[in-house]
Amino acid sequence: MAETTQRKREVFANKNELSVALAKYTAHLSAKFCKEKGIFTVVLSGCGLIDWLGKLLESPYKESVEWSKWHVFWVDERVCSHEDQNSNYKLAMDGFISKVGIPKENIYAIDKQCAVDGDAERCATLYEEWLRNLVKEKILPLCPNGQYPQFDLQLQGMGPDGHMASLFPERPQIKVTDKWVTHITDSPKPPPRRITLTLPVINSSLYNLMAVCDDHTDQCARSIADIFKNNNLALPAAHLTAQVEQMWYLDKAAASLL
Ligand SMILES: O=C(O)[C@H](O)[C@@H](O)[C@H](O)[C@H](O)COP(=O)(O)O
């Protein structure tokens, strides 16, 4: 399978329409992969995305999606207790996962104790070990180059500064290729301690969907224009690719400078 760098985009009138499309896209891929291989591996980010996934909790998706076949991962996580308001795991559990029937053992959060201890490096090492075990257990395949794990669908948001996952502009994590998971202890977006999938792992996903809604400060719109018009690689999200499809869902405000 060839790596694709073509950015596809769709623009929606508002967040609600974006959410409707996001649910349709996700449910379609869930049905496809559940039929083809009996499981669906999904990677989530934090922040707005979880709210935008809300339409999956409504009919017809809530009843028809094969939740028991989902395996859920995080593209990045803040290193804090699972009960902390900052935790992406908690955000997704409270707002989404706890409302559908995904088996507990298919939810791959960062190590509980290590997170409480605030040890970002160890959290990253353990998360990578976990992914490597899942490759051995054949839950996750390796992508054709044999180097990185391959998820079916990765859903994430972009920060106003153009960051994706916890890969930030002017930070070294974007260049890491010898690991599957890395860490940061001085994230410009609080909280400072985080783990993140590395860029080659993010780009090994079969489908990558980036959802961006601008909060009318124009910052996201400016980054989106810089990515789509100038391919400014100083912005981490400009490096996003996928093995099958790279889709950008933008609300009108985020697309306003295109
Ligand atoms: O832990 C995090 O901070 C997130 O996972 C992060 O990578 C997020 O997806 C972007 O910052 C977009 O955030 P918004 O959806 O709020 O724009």
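Which pocket is the space taken by the ligand? I found that the ligand takes up the space of the largest pocket. I took a pocket to be an open set of points, on a 1 Å grid over the protein atoms alone, where a 1.4 Å probe fits, with protein on both sides within 12 Å along at least five of seven lines. A molecule sits in a pocket if more than half of its atoms lie within 2 Å of its grid points.

I noted that this is a predicted model, in which local features need pLDDT of at least 70 and side-chain atom pairs count only at pLDDT 80 or more, while totals for chains, interfaces and linings use all residues. Residues are numbered from 1 along each chain as its sequence is written, and side-chain values use heavy atoms, with hydrogens and water left out.

**Entry: the ligand shell**

I looked up the residues around the ligand and found 15, each with a heavy atom within 4 Å of the ligand. The closest are Asp-76, Arg-78, Asn-88, His-163 and Lys-189. By class, I recorded four nonpolar, seven polar and four charged residues in the shell; Gly counts as polar in this scheme.

I then searched for polar contacts (pairs of N or O atoms within 3.5 Å). A polar side-chain atom of Ser-45 lies 3.3 Å from an oxygen atom of the ligand. Gly-48 brings a backbone N or O atom to 3.1 Å from a ligand oxygen, and Met-158 brings a backbone N or O atom to 3.4 Å from a ligand oxygen. The protein covers 89% of the 420 Å² of accessible area (Shrake-Rupley method, 1.4 Å probe) that the ligand has on its own.

**Entry: the chain**

I recorded eight helices and nine strands in the protein chain; these are DSSP runs (helices H or I, at least four residues; strands E, at least two). The C-alpha trace spans about 45 × 40 × 40 Å along its principal axes.

**Entry: backbone geometry**

I found a cis peptide bond between Ser-59 and Pro-60, with omega about 5°. Pro-60 is in the loop between α2 and α3 (61-64). A cis peptide bond also joins Pro-190 and Pro-191, with omega about -5°; Pro-191 lies in the loop between β6 (181-184) and β7 (194-197). Asp-218 is not a glycine, yet has a positive phi of about 75°.

Terms used: A polar contact is a pair of N or O atoms within 3.5 Å; within protein, one must be able to donate a hydrogen and the other to accept it, and residues adjacent in sequence count only if both atoms are side-chain atoms. On a 1 Å grid over the protein atoms alone, a cavity is a set of points where a 1.4 Å probe fits but cannot get out, and a pocket is an open set with protein on both sides within 12 Å along at least five of seven lines; lining residues have an atom within 4 Å of a point.
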